[in-house]
Amino acid sequence: MTRASLTRLAVAGAAVVGVAALTMGTAAASPAPQSGKHDKKPGPSVPVRLLTINDLHGNLEPPTGSSSRILDPNGANTDTDGSLTGIAGAKYSIAGGASYLAAHLKQLRDANTLLVAAGDLIGASPLLSAAYHDEPTAALLDQLGLVASSAGNHEFDEGIDELNRIMNGGCHPVDGCSPAGEWKGTKFDYLGANVLKEGNGDYALPPFYVKKINGVNIGFIGLVTQTTPNIVTAAGIKGLQFTEEVAAANKVSKYLAKHGVKAQVVLVHEGDNITPNQDPSSCPVIPGNGTRIATGLDPQIDLVISGHSHQAYVCKVKDPAGQDRVYTQGSSFGRAITQIDFRVDRRTKDVIRSSVVAKNNVVTRTVTPDADTETYIKTWQERVSTVANKPIGKITANIGRGGNVGETALGDLIADAQLEATKDGGNAEIALMNPGGVRTDLTYAQSGSEGDGVVTYGEAFQVQPFNNLMQVVTLTGAQLKALLEQQIWKVDPATGGITQRILQPSSSLTYTFDTTKPEGSRVSDIKINGTAVTDTQQIRVAANNFLVGGGDGFSVFTKGTDLWSGPLDIDAFVAYMGAHSPIAPPATGRINLVR
């Protein structure tokens with residue numbers, strides 16, 4: 001079905017524009033099947049395979065660091081001490097990268113396959129894609145055969161007009177055409193059944209997409225988290241209204257069933273967190289908004305494919321009629337492809353629920369990368385080199401990471417940048433940066449700079465190359481103390497060597513860390529902007545998504561509430577450099593480290 005033939009439903013639910021344009025399997029729609037009747041006396045059936053991705057975030061090049069790892073029971077690497085996964089002896093794979101994603105998709109495809117997605121395919125992207133407003137990623141998704149995706153919150157980062165430009169074509173209104181020439185738009189649509197225009201209540205995006213395969217119609221309903229206004233800038237959601245997900249999907253589901261589309265899939269950019277470090281095809285979810293949606297949707301909806309929380313899981317939940325319904329998510333950054341196989345009854349036109357089998361396939365780098373995709377990425381790497389050499393600010397002297405031991409000037413600078421980037425929207429009060437994420441120093445006279453003290457985008461990117469998302473959670477004062485107690489400082493008496501993991505604090509946070517005291521009682525005198533912190537105080541804490549997910553052993557972060565996601569860490573750093581140049585090395589001393 002083309003974009004022109006997509007039906008637009010009236011908000012009132014009565015008038016429907018373009019019904020005649022729907023190409024359904026039957027001329028007259030039969031009544032929707034009753035709840036719980038999906039598997040009753042199935043007739044001849046046909047196979048369908050869905051391959052799904054989510055939260056790619058423009059990661060065309062293979063992600064690095066923590067963003068490249070995924071727990072994998074079949075992984076080639078074993079974590080002997082638990083430092084990477086938190087579970088000693090657990091296996092993991094280094095995964096992701098568009099050329100590997102393309103290779104795995106080719107292996108998994110058969111004649112019955114549709115590729116769909118659950119949002120955040122673009123936005124918060126690495127330089128290679130972000131420099132050209134994600135056109136390189138959108139074009140590659142077309143090449144990979146994507147047929148539809150729900151919108152994600154990051155699809156609205158530059159506003160609805162820009163999202164429509166990505167779908168419909170035309171050069172960027174400010175930056176003009178990319179080196180590839182005039183943008184032609186995408187063959188696939190972003191869907192948003194709960195995204196309405198303010199004022200008239202019309203759909204701002206197509207609410208659904210119907211695709212015929214093997215003689216049966218599959219209806220895809222798109223949803224984005226209703227919290228989008230809280231996690232996207234005001235300019236990004238201007239003129240839009242985001243409604244409750246379940247009610248919006250159920251309305252479209254009833255319409256589709258009325259017009260003969262009984263096999264229905266929800267693509268929703270909302271999901272759950274999990275108990276960390278689990279098999280990606282297991283179901284370790286901690287029930288939240290994702291589960292609320294997956295269990296609340298109309299029984300006519302057969303599958304729920306989710307995103308947003310960057311987790312990997314394959315679950316079965318009960319729909320309101322008590323039937324099993326598969327509910328999945330496929331990690332992020334192209335590290336997994338969710339494969340869902342099922343059969344559709346030719347007579348009822350409905351999914352045979354008992355036939356549904358799903359699993360997450362890790363996008364390992366042990367396969368030969370797809371040659372065409374490799375060539376495509378190399379072309380964009382050459383084009384973006386001019387962006388990498390663009391000056392973003394100046395420094396007055398070297399700003400170093402001090403071997404990442406204790407508090408460092410560069411660590412403090414990054415934490416300050418992250419706090420500034422998360423105050424508006426996330427209401428952050430303090431920020432904490434993991435030292436392992438600071439990969440190199442900023443030097444005053446660095447090769448490739450245009451002049452002494454000039455910092456280029458490429459140099460900044462070398463400092464923070466992981467493209468982690470900035471997030472904010474609420475912790476109590478007691479939880480903040482417990483988090484800081486999880487820091488490590490050990491001295492080997494034989495060698496004098498230090499084993500340490502000290503979080504880098506923003507200037508708003510000060511405290512004492514006494515290494516001479518027993519572990520668990522080392523932190524005291526915690527203050528925010530000079531005021532002592534109480535145990536019951538609610539504190540908004542900013543950190544990258546690696547830390548918020550419990551990375552580096554900071555498990556207290558996973559107890560945080562009211563999660564907010566913001567820009568990439570590199571974008572926060574670049575913005576801060578531009579706003580405050582020239583920057584002198586910040587004085588350390590935010591941590592009173594007693595040795």
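Colleague: Against which helices and strands do the buried residues of H13 pack?
Modeller: This is a predicted model, in which local features need pLDDT of at least 70, side-chain atom pairs count only at pLDDT 80 or more, and totals for chains, interfaces and linings use all residues. Residues are numbered from 1 along each chain as its sequence is written, and side-chain values use heavy atoms, without hydrogens and water. Helices (DSSP H or I, at least four residues) and strands (E, at least two) are numbered from the N terminus. By contact (heavy atoms within 4.5 Å), the partners of these buried residues are S22, H9, S24, H10, S25 and S33.

Colleague: Which residues of H13 are buried?
Modeller: Buried means under 20% relative accessible area (1.4 Å probe, protein chains only), exposed over 50%, and partly exposed in between. In H13, this class holds Asp569, Ile570, Ala572, Phe573, Val574, Tyr576 and Met577.

Colleague: What distance does H13 reach from its first C-alpha to its last?
Modeller: H13 has twelve residues.

Colleague: Is Asn153 buried or exposed?
Modeller: Asn153 lies in the loop between strand S8 (146-150) and helix H4 (160-168). Its relative accessible area is 1%, so Asn153 is buried.

Colleague: With which side chain does the side chain of Asn153 make a polar contact?
Modeller: Leaving out residues up to four places away in sequence, Asn153 touches Asp120, Val224, Thr228, Ile231, Val232, His269 and His308. A polar contact is a pair of N or O atoms within 3.5 Å; within protein, one must be able to donate a hydrogen and the other to accept it, and residues adjacent in sequence count only if both atoms are side-chain atoms. At 3.0 Å, the partner of the Asn153 side chain is His269.

How values were computed
The expected span of a helix is 1.5 Å times one less than its number of residues.
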